[in-house]
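Trainee: I am new to this model and would like a close look at one part of it. Please start there, then lead me on to the rest.

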Amino acid sequence: MKRRTYQIALYGMLAALALTLSYLESLLPTSAFLPPGAKPGFSNIVNMFAASSLGFLPAIGVAVLKACFAGVTRGVTAFFMSLCGGMLSTVGMYLLFRFTKRIGYVGIGVISAVLHNAGQLLVAAVLVGNRSVLGYLPVLLLCALVAGALTGSVLKAVMPKLLEATKQFRFTK
């Protein structure tokens, strides 16, 4: 019982951290240094930690909660874009953490950012009704490269502290 309570508390704290980072990220002025629709992806650090250390379901849970938060705060379109991008990204990062050790945090950050943008562009193409939005792909790929490298680097730097801080909450699978 105590083990399950600790796990639920950890998942709740991670979800709250992801939502907080997502909200703070939404306050950044996009016109200043990012193209429309591009974000640094700071909340993705939480997903990467969950996918690498806790497993698939906690990471998917964080992605779904982030999508619901986007839906509540920014509308239905934001919900579907966040959900599709988040699911694709989370599945990709989980598989990469699980089956390869060669790519590293930065590589996984970049690949998951690319997958997130791909999921969002697919939703946009469906909503618009044609593939013209795919012309935005080069811009988003460049942004994914920078954002993924940034989030992967941050996770690499804070991972030892995160593992130490969550040690009492985690249990071997």
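Does S132 count as buried or exposed, and why?

Mentor: Keep in mind that this is a predicted model. S132 counts as exposed, because its relative accessibility of 53% is over the 50% cut-off. Now place S132 along the chain. S132 sits in the loop between α6 and α7, and α7 covers residues 137–165. Twelve residues of sequence separate S132 from Q120. In space, their C-alpha atoms are 14 Å apart.

Begin with R3. R3 belongs to helix α1, which spans residues 2–26. Its relative accessible area is 48%, so R3 is partly exposed: the value falls between the 20% and 50% cut-offs. How far apart are R3 and Q168? In sequence, R3 and Q168 are 165 residues apart. From C-alpha to C-alpha, R3 and Q168 are 9.3 Å apart.

Turn to L140. L140 lies in helix α7. L140 is buried, because its relative accessible area of 7% is under 20%. L140 and L162 are 22 residues apart in sequence. Their C-alpha atoms are 29 Å apart in space.

Then there is L57. Helix α4 holds L57. L57 is exposed, because its relative accessible area of 65% is over 50%. α5 gives the most, with three residues.

Take the pocket first. The second largest pocket holds about 270 Å³ of space. Its lining has 13 residues. Which of them lie nearest its centre? They are A51, S52, F97, R98 and K101. Three helices each supply at least two lining residues: α3 at 44–53, α5, and α6 at 104–128. What is the lining made of? Six of its residues are nonpolar, four are polar and three are charged.

How many cavities of 30 Å³ or more does a search of the whole structure find? The search finds one. About 30 Å³ of space lies in the largest cavity. Its lining is made by N44, N47, A63, K66, G86, S89, T90 and H116. α3, α4 and α5 are the elements that give two or more residues to that lining. The largest share is three residues, and α5 supplies it. By type, the cavity lining divides into six polar residues, one nonpolar and one charged.

Now follow α5 back through the tour. α5 gives the most to the nonpolar patch. α5 supplies at least two residues to the lining of the second largest pocket. And α5 gives the largest share of the lining of the largest cavity. Then look again at S132, exposed at 53%, in its loop between α6 and α7.

Note on methods:
Residues are numbered from 1 along each chain as its sequence is written. This is a predicted model: local features need pLDDT of at least 70, side-chain atom pairs count only at pLDDT 80 or more; totals for chains, interfaces and linings use all residues. Side-chain values use heavy atoms; hydrogens and water are left out. Helices (H or I, at least four residues) and strands (E, at least two) are DSSP runs, numbered from the N terminus. Buried means under 20% relative accessible area, exposed over 50%, partly exposed in between (1.4 Å probe, protein chains only). On a 1 Å grid over the protein atoms alone, a cavity is a set of points where a 1.4 Å probe fits but cannot get out, and a pocket is an open set with protein on both sides within 12 Å along at least five of seven lines; lining residues have an atom within 4 Å of a point. Grid points are joined across faces, edges and corners, and a volume is the space filled by probe spheres set on the points. Ala, Val, Leu, Ile, Met, Phe, Trp, Tyr, Cys and Pro count as nonpolar, Asp, Glu, Lys and Arg as charged, and the others, Gly among them, as polar.
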